[in-house]
Amino acid sequence: MSSAGKSLPHDSAVGHVTGRALYLDDERPMLGELHVGFVGSPIAAGTLEAIDATEALALPGVVGCWTAADVPGHNLFGLISVDEPFLPAERVDYVGQPVAVIAAETPEALAAARRLVRVDCTEMPPVLDLDTAIREARFLTPQRRIARGDAGRELAKAPQRLSGVFRSGGQEQFYLESQAAIAYPGEEGRMVVHSSTQNTTEIQGVVAEMLGRGQHEVVAICKRMGGAFGGKETQASLPALMAALVAHHTGRPARVIYNKDDDMCVTGKRHEYVTRWDVGFEDDGRLLAIRFEFFSNGGAFTDLSPPVLDRTLLHADNCYYLPHVELLGRVCYTNVPPNTAFRGFGGPQAMAAMENVLESIAQHLDVDALDIRQRNLYGVGERNVTPYGQVVERNHLPEIFTQLAESCDYRRRREEIAAANAASRLTVRGLAITGVKFGISFTATFLNQGNALVNVYMDGTVQVSTGGTEMGQGLNTKIQQLVAEELGVDPRRVRLMPTSTEKNNNTSPTAASASTDINGAAAVKACREIKERLAAFAAGELAKQTGESGLQPRDVCFADDAVFSTHRPEHKIDFGGLCMAARRSRVDLGARGFFATPGIGFDQAAGQGTPFFYYTQGAAAVEVQVDRFTGELTVPRADLLIDIGRPINLGIDRGQVIGGFIQGLGWATAECLLYGERGELLSHSPTTYKIPAATDVPPVFNVALFDNDDNVQNIRRSKAVGEPPLMLGIAAWAAVKDALAQVDSAASRSFTLPATGEEILRCLSLAPQTAPQPSAAMPDG
Amino acid sequence: MRDSIVVFINGQRHEVRGPAALLTLSDYLRRQCGLVGTKIVCSEGDCGACTVLVGRPTADGQSLDYQPIDSCIRFMFQLDGTHVVSVEGIAEPGSLNAVQQAMVDCHGSQCGFCTPGFVMTMTGMLQNGGVGDEAAWKHGLTGNLCRCTGYTQILEAGAEAARQSSLTLNERYPAAELLAAISALAGDDVAIAGELADGEHAVTAPATLAAALEFLGEHPDATVAAGATDIGVRVNKTGVLPYRLLDVNRIAELDFVSVDDGVLHCGARASWAAIEEATTEIAPEFHRILNRFGGPQIRAAGTIAGNIANGSPIADSLPFLFVMQAEVETTSAAGTRTIPIDQFYLGYKQLALEPGELITGVQIPLPTAADQLRLYKISRRRDLDISTFTAGIRLRVDAGEITLARVALGGVGPTVVRASAAEAVLVGAPLEEATFRAAGDAAAREVAPISDVRGAAEYRRQLVRNIFVKYFLETAASATAGAL
Ligand SMILES: Cc1cc2nc3c(=O)[nH]c(=O)nc-3n(C[C@H](O)[C@H](O)[C@H](O)COP(=O)(O)OP(=O)(O)OC[C@H]3O[C@@H](n4cnc5c(N)ncnc54)[C@H](O)[C@@H]3O)c2cc1C
Ligand code: FES
Ligand code: FES
C-alpha cells in the first residue's frame, strides 16, 4: 500500500471546515492573560523626543507601557545585517514603527490606551520613493553582480538594440491570519512563545537575545498559520518580542494579535523594483547580450533584502539563454517598513523584467512573441549554462512551450484575436505565453538542512515533528504520507505535531519551496532508522512464528499496516502488535533524521556556482481583454502547464499551482500599494487593497501537469511547487502589453506592472488616437 | 419596553442586555460564547471570514430564510428575533454537512482561515435550492476572499456539494418552535442601555415607525442604524460607538419593494438583495450594477436609505437615481415630504435632511422603452469593491436627434453630480460620435476630481471624457444588433 501519490485531504481539513482548527487568537485565554499592542511612530523619519503614556496608564484596565529602556537584553536584530531595533530609542524610520508596547486587561482598554500615548518626534525629511533613493544613492547593501562574457562589447556590436526602464510594484502578502504571538512566562525566567511564524528557530533566538537568556530557556512553537507567503519568515519576530517583553515584565501570559490595518501598515511586503535594461539581439530576435540593473526598495532595514536581490539576479535569465550578460543589483533604503520575503522571493521581479524585454523585442521586430521566446529558450545539451554557471539539467522548457502552445490553440487564437481587435472599437484583446524556471534551494546554502523526530508508539501509531511549519501549503499532509508510505501504515496512524524548538532545533525557515524536500527527506531518514531496528526484530519474530529459517531483516516487508516475510507474505504480524512486542524487547522506536541537500554551493562574491538542487519549470498562456475607454481588464482564459515531477499529493499540489497563479495574477494585474505624502500606507485593508476575488478566476482555466519522472535526485521524484506557479501570473501582464501594442506601440512602451485599469488607461491615452476614426458605428466583435 | 434582545444562536436562546448587546455579533460569538470558528480578518465587511447565516421568518411565515452576513459589522442589538447560525451549528455534532464534506474532499481549504466563512456562504447558497453553474458559484462567493486557494477547488467543492443532499437549516432547526418564539417578540419596543469605557450608551429598536419617529423627535441627535454596513465599519475603525442609536431593523413597515405605475417604491430598509431581485426584469441595467454592489453579505444587510444617507459620492445606486429623477421620502413627527434626489446633497456628506427626519422611502421612476440607459461602475476589482468612478447616462432620441439627456457622474467631486454642461451639449444634437466627444470634453471640464487611494484625478477625468463615446458605441451597437 502506498499513501504517497494520493490526494489525501489536508491533515487539518476537517478542522478547517468545522472551525475547530484553532489559530492563536482562538486559544482560550489563560487566567490573567494580557492583551498587548504597540504604539507606532507618527512620522516616517526623524528622532524620538519623548513617549508619554501617562494618560493611557490612567485608564482602567491598562497594565503597563514599555519602551526601549525596558528591554532587558538585545534590542537590535537582523538575520543578514543587525540593523533593526525591536523598539527604537532614538531614530524612527517609518510611519507606524513600533516604539512602545502596551498591555491591558481587555481589548477595549488596549485600543483606547493605544490612542492616548503621545509620541513626540523631530521630523527629518524622509526618502519616500525608489527614484529618490536611487538618485540620492541611498543604498542598504553594496552592489551585487553576476556576469558572463562581455555584455558591453556585444551590446555595442548587436544588429538590434533596445533599452528602457521597467517598473514593478510591491505586493502585500495578505495572509488572512494577521501576525500573532502569545508568550507564556515559565519558571525562573523561562519563556514559551507560541507564534504564527514560518521560523520557530528565529523566534526562539530573538526572544532569548531580547531577554538576555540562552536559547535553551526559550521554546518557540507554531501549530499552524492562517497563511504566511513569506510574510512570517522574519516579521513574526516583532509581535513575538512584544509578547515576550510583557510576559517578562508582568509574569503574566501576553497575547499580541495585530489587526489587519496595523499588520498591513507596519509589516514588509514584496519589493518594488526599478530595472534598467539594455538588450542586443539578432534580426530574428535571438538574444546576444543583455544588461540589467536592478534597484529594489528595501525599506528601512536590511531584513531579507540581500537574498531576495540574489534570487532576482539568479532568475533574470528566467527560461532563456543569455550569451553575454551583466546583472547588477542594489537594495535601496526608503522610509517604509522593511520589505521582506514573499512567495517568489525576488524571482517575479526578475522574470517580469525579462519577459518585458522579450515582449518589447517581439513588438519591435513585429514577430510573434512566442517565436521570440522559443528561439531563446535554454537548450537541451547546448545553450544550457546559466549566467552563474549552473547547467540546466533535465531541461523540459522546449517541450513545455510546444505542448502548451498546441494545447491552448495559440496560433489559431492569435488570428481570431487579431480579427476581433480589428472589428471592435470597444475592446482589445491580447495573448501571451510566458515561462518559469525556478531554482529550488535556499541561495544561502547553509539553510538547506532539516531535522525530523519520529516517535512510534506501542500501538503502532506515529508522531512526527519537523522544523517545517504548516501555513496551509500541506507540508504536514505530505510528510504524513511520506512517513506512512515508508512505514507501510495507513496515514491515519501518522500525526504531524506542532513545530517546536523543543523537538527540532536549529531549523531553517519554512521557505524557498523546499520544505517538503528537506523535512520530508529528514523524516524518511528517521523512519528508515526505526525500520532497520524493527526489521531485525521482526525477522526473529516471524521466524519464530512460521518456523522459517535464515530469515534476514532485508526479507522483512512493511506494508498494509503489518510486517511479513517476502517469502511468506500471507503470514503477517500487525504493525501495532509488532511495536508492542518490540518495546517489550527493548527496541528503540524513536529516531531523529537529518538531511542536508547534497551537491549545491554558491560563491556569492564570484557570482558563480550551483546554487540549486534542480529547477521547477512551467509556462502559462493567458488571454486578456481590455476596455479601450475605461482600461478595465478581464482575463477570459488561462492555460497552465507545469512540471512538478511526480506529485506526492496531487490535490494539494494542484492547489498550490492554482493558488500561486492567482496570487501572481493579483501582483501582475491588480494589487497596488499606495502611500500618502507623509509615507503612511493608504491601502491598508481589503477595502482599499484588492486581492483577486472569485470572479477574477478566468472562466476558462486549464491546469495541466507536465508528465515527468526524471527528477530522480529529489524525494520520490517530486518537485517543489510552492513558489514557481506564482510567476506564471506574469503571462497576464505580458498579454496586456500585447493588447496595448495592438492599439499602438506608443501605448505599450512605458507600460508598468501591475496592469491596473488606471495604468492601462494611462497607456491607452498615450496612443495618438484612443480609437480609430469610425467608418460607421460597429458592433463589438 | 424590553431592555434586552432575544436572539437564537445555533438553536439556543440568548437573552442579551447591557454592554453585551452593544457588541458586534462576531465579538459576541467569539468572546462571550467561545464560538471561535467565526474568524476575524478585516472588521470591515470586506473579506467574509466572519460570515454567519441569519434566519428570519419568510414572508409566508412558514419557515426561516437564512441570509449570509458579515458578523464583524453587525451589532447584537440589531438581531432581536433572529436565528444566527455559525459554523459550529450547521451540522449535527460529529458530522459534516455536504459543503463541509466536499470542501474536505476537493481540497477547498489550505490555511483554513477563510474556510469557515466560505462554508457558511456556500451552505447559505444551497439553502434556497440549487446553484446554477460555476459562474453562479463565483458570483455567490464574491463576498469571501481567499488568499491561498485561488478559489478553483472551492468552486469544485460547491459543485460537488450541490450533487449531495444534506439537511437544510430548516430541517436541522425545525422552524415551528423558532417562529413561535420570534413572533412573540415582534411587537415589543426594545431599549438597550449599556455602560462602555467611554460612558453610557443607549439604543432604541422600536417595532413601529411611529415609535421611531417619536423617539427621533425627542432625540434628533440619535444615529440611525440600518444594515450597519457603513456604520459598523466606522465604529470598528474609530473604536467609537455613538452614544444614542436608533435601530430601524425591527420596523416592518419600512421593508418593502413594490412597483406601481412604472415607479419602483422602496421602503427605507429594503435591502439591496431585495431590490436586486425585484429589478431583474423591470430595470435590468440597474440590476446589473446591483450585481456588483459589495458582495452577497453586504447586499443582504445594506439598505437603500443607508446608501443614500451615507452620502458617498461613489455610492453605486446614485447615478441611476439621479438620471431617473428619483425622490426621497422623508418623515418626521411633523409629517412627510419628498425631496428630488438631485437636491438631496448639499455638500460632501451633507444632506437636506432636517433634524428629527428619517428617510422612509424612495420612489424611482423606471426606464421605459423610450430611454436609452447605461450605468457604469469602474472599480479596481470587478466585485466587492467601492467605485472609483460611476456614471449614468440616459437619453431619449427622436429621428436621430437627442431630445432628452440626463447624465450623472460619481467619484469626480464631493457629491454625485448632474453633468449639466454635457447634457446641454447633448440635447438637440445629432446622435453621432462627434456629439459624444464634445459632451465628454464638456463634462471633463465641469468636474473637479481629486486623487485618492482609488485613483488619480487625471485617471478619473479621462474616464469622464471617455465614457460618453463608450456609451455611444455601446448603445449604437445594440441598436445595430437589434436591427439585424
Ligand atoms: C464591504 C463593503 C462593500 C460595500 N460595497 C459597496 C458598493 O459596492 N457600492 C456602494 O454604493 N456601497 C457599498 N458599500 C457601502 C454600504 O454597504 C452601502 O452604502 C449601504 O447601502 C449602506 O446601507 P446600510 O443599511 O448598511 O447603512 P448603515 O450603515 O446602517 O447606515 C449608513 C448611514 O445612513 C444613515 N441611515 C440609514 N438608514 C437611514 C434612514 N432610514 N434615514 C436616515 N438615515 C439613515 C445612517 O445613520 C448612516 O449614517 C459597501 C460597504 C462595505 C462594508
Ligand atoms: S472580518 Fe472581514 S468581513 Fe468580517
Ligand atoms: S485557505 Fe488560506 S485564505 Fe483561504
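This note walks through the domains, a sheet, the ligand shell and the chain contact of a predicted model.

1. Ground rules. Residues are numbered from 1 along each chain as its sequence is written, while chains are lettered from A and ligands numbered from 1 in the order in which they are written. As the model is predicted, local features need pLDDT of at least 70 and side-chain atom pairs count only at pLDDT 80 or more, whereas totals for chains, interfaces and linings use all residues.

2. Domains of chain B. The assignment gives domain 1 (4-87 + 175-247), domain 2 (98-166) and domain 3 (255-483). Such bounds come from an automatic or database domain assignment. Over C-alpha atoms, the centres of domain 1 and domain 3 of chain B are 31 Å apart.

3. Where domain 1 touches domain 3 in chain B. Here 21 residues of domain 1 are in contact with 20 residues of domain 3. Contact requires C-beta atoms, placed from the backbone, within 7 Å. On the domain 1 side, strand S4 (64-70) and helix H8 (209-218) of chain B give two or more residues. H8(B) gives the most, with 5 residues. Helices (H or I, at least four residues) and strands (E, at least two) are DSSP runs, numbered from the N terminus.

4. An open sheet. Four strands of chain B run in the order S17-S18-S19-S20, with antiparallel pairing. Strands pair if DSSP finds at least two bridges between them. The edge strands, S17 (372-378) and S20 (417-418) of chain B, each pair on one side only. S18 (residues 389-398) and S19 (residues 401-410) of chain B are joined by 9 bridges. B:Ile393 stands opposite B:Val407 in S19(B).

5. Ligand 1. There are 31 residues around ligand 1, and B:Gly45, B:Ala226, B:Gly227, B:Gly306 and B:Asn307 come nearest. Being near means a C-beta atom, placed from the backbone, within 6 Å. H13(B) gives the most to this shell, with 5 residues. Domain 1 and domain 3 of chain B both give residues to the shell, so ligand 1 lies between them.

6. Chain B against chain A. The contact takes 66 residues from chain B and 68 residues from chain A. Several helices of chain B each supply at least two residues of its side, among them H2 (98-105), H3 (115-127) and H17 (457-483). The largest share, 13 residues, comes from H17(B). The chain B side divides into 32 nonpolar, 20 polar and 14 charged residues. Ala, Val, Leu, Ile, Met, Phe, Trp, Tyr, Cys and Pro count as nonpolar, Asp, Glu, Lys and Arg as charged, and the others, Gly among them, as polar.

Key:
Two residues are in contact if their C-beta atoms, placed from the backbone, lie within 7 Å.
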